[in-house]
Amino acid sequence: MVRRNPERRAALLDAAIEVLAREGARGLTFRAVDQQAGVPTGTASNYFANRDDMLTQAGERVYERLDPGEAELASGLEGPRDRARVIELMHGLVDRIAAFPTGFLALLELRLEATRRPELREVLTRRIRTDVDFNIAYQLKSGLPGDATTVVLLYLALNWLILERLTLPDLFSEEQRHDLVTALVDRLLAGEAGGR
């Protein structure tokens, strides 16, 4: 029987994210999640049909926790519509994601696991496609400089920059990472109307 207590389920999924980030997908077991969550052995197995179910729901939970919320999304539409504002927003995005390092690292583990699990790949593809489409629509609605391709290029480049920050933190200094985000936006928006 699968239990329905949403708070307990969220706590177990948060524990699964921590286990994925620390031990990788191979370390993700019901027992490891129970221990991480500090609950009695067998609790996780009451909430997830199987390990695949837990992997899939952990992926969804990462995105729930990374959601900036309505207030932050609305604040992104305030102020000038220029390159400096895009730079500011991209720095905020990188900082928000890097502030949840276990979530990002867990997503990397889930992506690797998805190469072997078609159902997980479908879930992640759908979820990430939804996220990219949302960001494109937000960008176009905002009136900020840049187009759909700009959003996709920022997505690809910033994800790798965040990966470097979390996995090889000494490769680039904080100042270098900051300058790279600024240079990325500057170069992508060079020549854009409203970009200056």
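A pocket, on a 1 Å grid over the protein atoms alone, is an open set of points where a 1.4 Å probe fits, with protein on both sides within 12 Å along at least five of seven lines; its lining residues have an atom within 4 Å of a point.

**Ground rules.** I'm working with a predicted model, where local features need pLDDT of at least 70 and side-chain atom pairs count only at pLDDT 80 or more, while totals for chains, interfaces and linings use all residues. Residues are numbered from 1 along each chain as its sequence is written, and side-chain values use heavy atoms, with hydrogens and water left out.

**Overall look.** I counted ten helices and zero strands; helices here are DSSP runs (H or I, at least four residues), strands are E runs of at least two, and numbering starts at the N terminus. I noted that 41% of the 196 residues are buried, meaning under 20% relative accessible area with a 1.4 Å probe, protein chains only.

**Largest pocket.** I looked up its space and got about 1200 Å³, a volume being the space filled by probe spheres set on grid points joined across faces, edges and corners. I found 39 lining residues, with Leu93, Arg96, Ile97, Asp131 and Asn135 nearest the centre. Helix 4 (51-66) and helix 8 (118-142) are among the elements giving two or more residues to this lining. Helix 9 gives the largest share, ten residues. I sorted the lining into 24 nonpolar, eight polar and seven charged residues; Asp, Glu, Lys and Arg count as charged, Ala, Val, Leu, Ile, Met, Phe, Trp, Tyr, Cys and Pro as nonpolar, and the others, Gly among them, as polar.

**Second largest pocket.** This one comes to about 210 Å³. I saw Arg111, Thr125 and Tyr155 among its lining residues. Helix 8 gives the largest share here, six residues.

**Helix 4.** I checked its length: at 1.5 Å a residue, its 16 residues should span 22 Å, and the end C-alpha atoms are 23 Å apart, so that agrees. The expected span uses 1.5 Å times one less than the number of residues. Leu55, Ala58 and Tyr63 are among its buried residues. I see the buried residues of helix 4 packing against helix 1 (6-23), helix 2 (30-37), helix 6, helix 7 and helix 8.

**Core.** The largest nonpolar core has 48 residues, and Leu20, Leu28 and Val33 have the most contacts inside it. Such a core is a set of buried Ala, Val, Leu, Ile, Met, Phe, Trp, Tyr and Cys residues joined through side-chain atoms within 4.5 Å. Contact means heavy atoms within 4.5 Å. Leaving aside neighbours within four places in sequence, I found Leu20 touching partners including Leu55 and Ala58.

Terms used. Buried means under 20% relative accessible area, exposed over 50%, partly exposed in between (1.4 Å probe, protein chains only).
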